[in-house]
Amino acid sequence: MIKLSLAFLFLTVGVFAQVNKTDSGIRKQIEQYNSAFSIAFVEGKQAALVKAYTDQTIFMPEHSRQRLGRKAIEAFYEQWLAQAKINSYQKTILELQDFGNYVLEIGTFAENLSLNGQNAFSYSGKYSVLWAKPSKKNQPLTIAAEIWGSASYFDDKNIPNIDDAAIPPTKEYISSDKLTLEVKERNNNIKKLVQNRQGAEHAKMFMPDAMYLTYYTPILSGEKEITAYFTEHEKPGTLRIEQISILTSNIIFTQKAIVEFGFYNVDWRDGDRNGNVKGKSINVWKRNGDGELMLFRQMVNHD
């Protein structure tokens with residue numbers, strides 16, 4: 001019986017590895033893109049930075065609002081490069097999740113930049129990129145969505161100040177599709193848990209092998225790390241959530257997961273202190289053994 005159980009375990013692990021195995025050609029193409037992007041960033045070649053984006057790309061930079069499409073992304077990099085000299089930039093891929101018609105890349109980045117007249121600043125953190133596979137052979141991958149954020153708290157005076165005045169407000173995605181409504185209902189549950197400071201219960205919205213990439217924090221992997229974070233971050237106390245909205249701006253139904261793009265607005269108060277926080281997220285939902293939608297990968301950053 002023990003031998004049978006071990007054999008079944010190895011078979012299960014093998015199947016799981018095959019399901020998540022990404023084609024070596026795709027990995028090579030992403031690695032080549034990351035290398036070319038790094039060179040173009042350091043050399044200030046703006047046109048080369050946006051070649052993988054499309055008019056539908058959802059772009060979620062840290063400390064700036066969500067942008068849609070190549071022109072808006074190009075304007076972002078134009079502002080960034082006008083204010084900063086990029087001394088070095090590197091991405092390190094941690095994992096590639098193959099969702100059939102899309103590939104999710106998760107990794108870390110290290111950027112050393114100098115604002116005009118200031119000392120060099122080390123801006124490093126984590127990122128998530130959703131790549132769309134081409135419909136025809138011999139066509140390149142394109143970026144469907146991208147988000148990044150620092151691994152620790154930092155003063156945003158050390159990075160370029162991006163003018164968002166020309167960026168229209170993010171709008172809620174409205175659909176009567178059953179899967180969309182199901183995702184929104186899960187978000188409503190999260191909203192209640194955050195407002196009621198039920199961090200441990202919030203953590204149960206994630207799959208046991210989930211990854212959570214939140215603001216000013218290293219990547220959290222697995223049930224233990226995610227539960228510890230939410231139990232502390234959303235514990236009962238003097239802090240009160242006076243208003244919170246968690247909305248959906250778009251959804252992509254891949255062959256193996258649901259990828260939701262979200263945005264939030266939170267008014268908080270803690271004694272005499274109060275404030276407002278806005279931000280955005282890429283949320284990857286999958287079903288567990290009971291058929292419930294659970295968060296498999298999530299990345300969040302502040303506007």
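Tutor: Buried means under 20% relative accessible area, exposed over 50%, and partly exposed in between (1.4 Å probe, protein chains only). This is a predicted model, in which local features need pLDDT of at least 70, side-chain atom pairs count only at pLDDT 80 or more, and totals for chains, interfaces and linings use all residues. Residues are numbered from 1 along each chain as its sequence is written, and side-chain values use heavy atoms, with hydrogens and water left out.

Student: Is Lys204 buried or exposed?

Tutor: Lys204 meets Glu201 in a salt bridge (3.1 Å, N to O); a salt bridge is a side-chain nitrogen of Lys or Arg within 4 Å of a carboxyl oxygen of Asp or Glu. Glu201 is partly exposed at 36% relative accessibility. Lys204 has 54% relative accessibility, so it counts as exposed.

Student: Which strands hold Lys91 and Glu146?

Tutor: Lys91 and Glu146 form a salt bridge, with their closest N and O atoms 3.7 Å apart. Lys91 is buried at 13% relative accessible area, and Glu146 is buried at 4%. Strands are DSSP runs (E, at least two residues), numbered from the N terminus. The pair ties together parts 55 residues apart in sequence, because Lys91 lies in β3 (residues 84-98) and Glu146 in β6 (residues 142-150).

Student: What is the relative accessible area of Lys280?

Tutor: Lys280 forms a salt bridge with Asp303, the closest N and O atoms being 2.8 Å apart. The pair links distant parts of the chain, 23 residues apart, with Lys280 in strand β11 (residues 273-287) and Asp303 in the segment after β12 (293-302). Asp303 is partly exposed at 32% relative accessibility. Lys280 counts as buried because its relative accessible area is 2%.

Notes
Helices (H or I, at least four residues) and strands (E, at least two) are DSSP runs, numbered from the N terminus.
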